[in-house]
Amino acid sequence: MKIGILTFPNMTSYGCTLQMYALYRAVEQTGAEAEIINYRNEYMKARRHTSAGRGKASVKTALRLSLTKALHLRQIRAFRSFESRLCLYPKKEISRKSQLAEVAKRYDGVICGSDQVWNPLITDTDLSFFLDFCTPDIRRIAYAPSFGISDFTEAFGNKIRPELEKFDALSVREDVGAKFVEALTAKQSEVVLDPTFLISQKEWSDLEKRHPMGEGKYIFCFPVRKSASLIKFGRELADKKDATLIVAEGNFLTVIRNKDRRIRYALDISPEEWLYLVHHADCVVTNSFHGAAFSIHYHKDFYLECSSPKANSRLEQLMELCGLQGRVIRSGCDGWDSVIDYEDVEARLAPVKRSSKEFLKIAVRR
C-alpha cells in the first residue's frame with residue numbers, strides 16, 4: 001500500500017513541518033509506504049496569504065520575501081535538512097495542478113492533512129487540497145485537516161461540496177469543521193487529533209538537538225504571530241520565577257536593539273533545536289497551536305494566548321479536550337504558581353489517541 005500525503009512541504013514553520021513529519025511516521029506505522037507530495041501552489045509560494053493583497057505579488061512584497069530569505073538562510077537550510085528525513089516526490093517542487101494528476105498515479109490512496117490545508121485564506125481555495133485530481137480508483141482520505149476559520153461563506157461551501165462528497169474516509173480536527181462538513185454533505189466526519197499526538201514522546205525527544213541557550217532556568221516564548229502582550233506576559237512570568245525569557249523570533253537587529261538583560265532571542269533555530277527548547281523549558285508561553293501541543297507532549301507548564309475565539313477554534317478545542325482552559329491567558333491571570341495535572345490530561349487524551357490511530361489505520365489499509 002503506497003500513500004501520498006498532501007500537506008505543506010517547503011515551509012519554514014515549526015507547526016507545518018512537525019505535523020508533516022508526524023503524519024508521515026504515523027502512516028508508516030500502519031504498515032504502508034508514505035511519500036510527501038511536493039506541491040505548493042503559486043499563491044502560497046508568493047506568500048500572498050500573508051499579505052493583504054490577493055492579486056499579483058507586488059514588487060515591495062517580492063523584495064520583502066527576498067530580504068527575509070537572506071536574513072534567515074540558516075533557518076531555511078535547517079528546515080530543508082529536517083525534511084530530508086522524509087521522502088518527497090517529486091524531488092523538485094511542483095506548483096501546477098496539472099502535474100498532480102500524474103503524480104497521483106503512484107498511489108493507492110492520498111491523504112490531505114493535517115494543518116490548515118482547508119483554510120481558503122492560506123490556499124486561495126485550491127481544490128487540490130480537497131483531492132480533486134484523484135481518479136475514482138485512488139482512495140481519498142482526509143486526516144485532521146483544519147479550516148482555520150469559523151465563518152464559512154455560501155460560495156466557499158458550494159465550491160468544495162462536490163469534492164467532499166467523494167472522500168472515502170473523512171476526518172477533521174475541530175467540531176466546527178465537522179458540523180460544517182455535515183451541513184454541506186450530510187456525511188459524518190470523525191474529529192481526530194493533530195498527528196503530532198500519534199507518535200510517542202520518546203520519538204520527539206530522539207529528534208532533539210541541544211541549543212546553547214537551553215541551559216539553566218528559562219521561560220520559552222514562542223509567538224507564531226507577533227505579540228507584544230505575549231512577550232510582556234512572558235517577561236513578567238520570568239520575573240516571578242527568577243528565570244531568563246528566551247524568545248523564538250526576530251533577527252540580528254532585534255538582538256542589537258534589545259536592552260533587557262533578562263530577555264534573549266533565539267534566532268533561526270532548527271526544528272530539532274525548537275523541540276529541545278520546548279522540552280527543557282521551565283514554562284512555555286505561546287499563541288501557537290503547536291506550541292501548546294508540544295508543551296502537552298512534553299508535560300510542560302505553559303500559558304496560551306488566544307487572539308480571537310473565531311480564529312482559534314482548534315486552540316480552544318484542544319484546551320477543552322485536555323481540561324486546560326485555565327492555561328489561556330486572560331485579563332488578571334493569577335495562575336503563576338499552578339501546576340498542570342498531566343495524569344488527568346493523559347487520561348482525557350488516551351481514548352481520542354486510540355480512536356485517531358484506529359481511524360488512520362482503517363482509512364489507509366482498507
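What follows is a short exchange on overall build, sheets and helix packing.

Me: How many helices and strands does the protein have?
Reply: Keep in mind that this is a predicted model. Its C-alpha trace spans about 60 × 50 × 40 Å along the principal axes. Of the 366 residues, 56% count as buried. The secondary structure comes to 15 helices and 12 strands.

Me: What radius of gyration does the protein have, against that of a compact globule?
Reply: For 366 residues, a compact globule would come out near 21 Å. The protein agrees with that value, so the globule rule fits here. Its radius of gyration is 20 Å.

Me: Among contacts between residues at least 6 apart in sequence, what share joins residues at least 24 apart?
Reply: Contact here means heavy atoms within 4.5 Å. Of the contacts between residues at least 6 apart, the share that joins residues at least 24 apart is 74%.

Me: What is the strand order of the open sheet of seven strands?
Reply: The pairing is parallel. Strand 3 (88-94) and strand 7 (190-191) are the edge strands, each pairing on one side only. Strand 7 pairs with strand 6 (residues 169-172) over two bridges, and Ser171 stands opposite Glu190 there. The order is 3-2-1-4-5-6-7.

Me: Which strands does helix 1 lie across?
Reply: Helix 1 covers residues 14-28. It runs at about 150° to strand 2. The strands it lies across are strand 1 (2-6), strand 2 (33-39) and strand 4 (109-112).

Me: Which strands stand at the edges of the open sheet of five strands?
Reply: This sheet has the order 10-9-8-11-12, with parallel pairing. Neighbouring strands are turned by 20° against each other on average, direction ignored.

Me: Which residue stands opposite Phe220?
Reply: Strand 8 takes in residues 218-222. Four bridges join strand 8 to strand 11 (residues 283-286), and the two run parallel. In strand 11, the residue opposite Phe220 is Val284.

Me: Are helix 4 and helix 12 roughly parallel or roughly perpendicular?
Reply: Helix 4 (residues 73-83) and helix 12 (residues 271-279) pack with their axes 8 Å apart, at an angle of about 95°. Arg74, Ala78, Phe79 and Phe82 of helix 4 meet Pro271, Glu272 and Glu273 of helix 12. These contact residues divide into four nonpolar, no polar and three charged. Angles of 65 to 115 degrees count as perpendicular, so the helices are roughly perpendicular.

Definitions and conventions
Residues are numbered from 1 along each chain as its sequence is written. This is a predicted model: local features need pLDDT of at least 70, side-chain atom pairs count only at pLDDT 80 or more; totals for chains, interfaces and linings use all residues. Side-chain values use heavy atoms; hydrogens and water are left out. Two strands pair if DSSP finds at least two bridges between them. Axes are lines fitted to C-alpha atoms, for helices over the stretch in contact, and angles run from 0 to 180 degrees between N-to-C directions. Angles under 35 degrees count as roughly parallel, over 145 as roughly antiparallel, 65 to 115 as roughly perpendicular and the rest as oblique. Ala, Val, Leu, Ile, Met, Phe, Trp, Tyr, Cys and Pro count as nonpolar, Asp, Glu, Lys and Arg as charged, and the others, Gly among them, as polar. The radius of gyration is taken over C-alpha atoms; the globule rule is 2.2 Å times the number of residues to the power 0.38. Buried means under 20% relative accessible area, exposed over 50%, partly exposed in between (1.4 Å probe, protein chains only).
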